[in-house]
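These are my notes on one structure, kept in the order I looked things up.

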Amino acid sequence: MNNDFLSPIDEKVFAHAAVQAPQSLGKNIRIHSAQNGFPDLDGVSIAIIGVKEGRNSVDNEGCGDDLRKIRNNFYKLFLGKWKLQIADLGNVESGNTVHDTYFAVSEIVSSLIKKNIIVILIGGGQDITYANYRAYDVLEQTINLAVIDSHFDLGNLEDELNSKSFLSKIIMDKPNNLFNYSNIGYQTYFNSQEEINLLQNLYFDTYRLGEVRSIELVEPILRDADIVSVDISSVRQSDAPANKNANPNGFYGDQLCSIARYAGISDKVTSFGVYEYNGQLDMNNQTSNLIAQTMWYFIEGVNFRAKDYPYSSKESYQKFSVVLEDDDPINFYKSDKSGRWWMEINLITDNKYKRHALIPCAYQDYVKAIEQKIPERWFKALQKLT
């Protein structure tokens, strides 16, 4: 990969890592520093990248300027029972133009995912999600994006790419590799009815904040994602004040950590980003602590991946077929390994969509099918394929 796009972490942060406890993360991960240079990626499973770019973050000037607090708080956390090698590859500095930064992020993420290294992105505006998405062009496959946000960030078609319009660019710009978009935690009063209707007409998945108060409901959604993008303003201001767009309602801090763990457990997620952190407002380190802990829980999830998707042998699954009135049966599969459920669309002939033949679901979807109710996510996926 091209290391020229990445600068080492701040020397004071590296010095801080050096004085942490022997079992701390700061003492047990590979760090890109001026002293030791760029780390060897051999055997690395997860790479952390800071993005110091906030010029296209709307109404949150200063995000991406300072990521030191996040790293300081992350490095002092203790390792879990992990068998993973982790590397902090440093920062993508702000380019001459914002698009230069996007290009650098895309190139780096592309290189890492081709090496089967999972990427954690921290800092910068949420428009970096677009650069992250473009990195997957090299895979020549359709992509599922899950966003934790109170807003849809569609903007207007004529708007320049920014943190409030990146989704419309992902949907419209070519090559268009987006198969599904899921929003988790939107708040209706922040989104127009036209936007809500548009996403419904595109058969995308949108879940109001109140719908996902039971956080376990988000697990099947995240299990189907390739990219997970978190706007830290989706967390209530009392738990994450370091954002100029923070508001009183949102997820609690512990709920965000649970969401991150579910994202990590997903066998499909290959990049995870937390954006819109504004260090100028983080006077008591509350938000940087939360982001550090969110990263910890994501890594914890990756370590405990069951690796039961996509299935390689049907003998490892229990199959349940439910016949719906006047319709072909829906096949459900339950993993003997993890107890997780999938439902199958058996109409797929195009290789481009083969990886979407199995849709993660919950036991409740199987129960609904028995009650002769078509599971909503199955129906939406079918509409996008026919």
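Entry 1. I began with tyrosine 297, which counts as partly exposed because its relative accessibility is 34%. I note here that the model is predicted.

Entry 2. Tryptophan 296 and tyrosine 297 make an edge-to-face aromatic pair, with 5.1 Å centre to centre and 75° between the planes.

Entry 3. The axes of α2 (residues 68-75) and α9 (residues 286-303) come within 8 Å and cross at roughly 50°, so the two helices are oblique to each other. I recorded the crossing as right-handed. On the α2 side I listed Lys69, Ile70, Asn73 and Phe74 in the contact; on the α9 side the residues include Ile291, Met295, Trp296 and Ile299. By class, the contact has 7 nonpolar, 3 polar and 1 charged residues.

Entry 4. I went back to aromatic pairs and found a count of 16. One of them joins tyrosine 181 and phenylalanine 204, edge-to-face, at 5.9 Å centre to centre and 70° between the planes. Tyrosine 181 is in strand β7 (residues 178-186) and phenylalanine 204 is in the loop between α6 (193-201) and β8 (205-208), so this pair ties together parts 23 residues apart in sequence. I found both tyrosine 181 and phenylalanine 204 buried.

Entry 5. Last, I noted one aromatic cluster, formed by Phe320, Phe332, Trp341, Tyr363 and Tyr366.

Conventions: Residues numbered from 1 in each chain as written. Predicted model: local features only at pLDDT ≥ 70, side-chain atom pairs only at ≥ 80, totals over all residues. Heavy atoms only, no water. Axes fitted to C-alpha atoms, helices over the stretch in contact; angles between N-to-C directions. Helix = DSSP H or I, 4+ residues; strand = E, 2+ residues; numbered from the N terminus. Parallel < 35°, antiparallel > 145°, perpendicular 65-115°, else oblique. Left-handed = near helix turned anticlockwise from the far one by under 90°. Contact = heavy atoms within 4.5 Å. Nonpolar A, V, L, I, M, F, W, Y, C, P; charged D, E, K, R; others polar. Phe/Tyr/Trp six-rings, centres within 6.5 Å; stacked < 30°, edge-to-face > 60°. Buried < 20%, exposed > 50% of the residue type's maximum accessible area, 1.4 Å probe, protein only.
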